[in-house]
Amino acid sequence: MGVFFKLVGLTIIVAGVAVVIAAFVGNPKASCADVAPTTSSAAANSFIAKWNAFEAGYRRGPATVSFTEDEVTSRGSSYLAENGITAKHLEVHFCPGAGKGQAVANVTIGGVDLAVLAEGHLDVGSSQIVVDSLQIGSVPGFIGASAANSLIGAASVKAPREIRGVTTTTTTATLNAQP
């Protein structure tokens, strides 16, 4: 359950590098955003219940689960808070296609408010979470992506190897797994 949120947490930690280049602060926008997700404890709890059932299911046979942007955003917000990471206005948006998504949040680092936009996907072949772009303020996304992927690799953050496919629409992400 925490794999996605470890990615979000690591991404926000990488944002610390941006303090050095705070003069470039801007406001990156999620290009896949259609409607702002609503954050609630009910949606966070729904995510947890669905993930637990999915995890138990794929240990026995093929399993599928779908999450809404509200559920992922809500669980992401609570996960960050549980781990002492201060992020305001987290929004997770799904991009149509093969499991791509974007996360936007405002973080305060060294007294400077920074807007962070992370774009990524799950490489099901390697079970690796890949950050395609990490934009901090108006700093180009490719600069942050390299640092974020290095951190993810160093921390050995991986998705469950049982996940065989991820598809996304503008409102849901669906994972397929089997033992």
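These legends accompany a set of views of a predicted model.

**View 1. The whole chain, element by element.** Welcome to the overview: the chain holds 4 helices and 7 strands. Starting at the N terminus, you can trace the elements in the order α-α-β-α-β-β-β-β-α-β-β.

**View 2. The pairing of strands β4 and β5.** Here strand β4 covers residues 112-123 and strand β5 covers residues 128-136. The two strands run antiparallel and are joined by 8 bridges. To find your bearings, look for G120, whose bridge partner in β5 is V131. As you follow the strands, keep in mind that side chains in a regular strand alternate between the two faces of the sheet.

**View 3. The turn between β4 and β5.** Strands β4 and β5 form a hairpin, with 4 residues between them.

View 4. Strand β6 takes in residues 163-168, and strand β7 takes in residues 172-177. Their pairing is antiparallel, with 5 bridges. A handy landmark is V166, which stands opposite L175 in β7. Between β6 and β7 lie the 3 residues of this hairpin.

View 5. How much of the chain is buried? Of its 179 residues, 46% are buried. Among contacts in the chain with a separation of 6 or more, 61% are between residues 24 or more positions apart.

Technical notes
Residues numbered from 1 in each chain as written. Predicted model: local features only at pLDDT ≥ 70, side-chain atom pairs only at ≥ 80, totals over all residues. Heavy atoms only, no water. Pairing = 2+ DSSP bridges. Buried < 20%, exposed > 50% of the residue type's maximum accessible area, 1.4 Å probe, protein only. Contact = heavy atoms within 4.5 Å.
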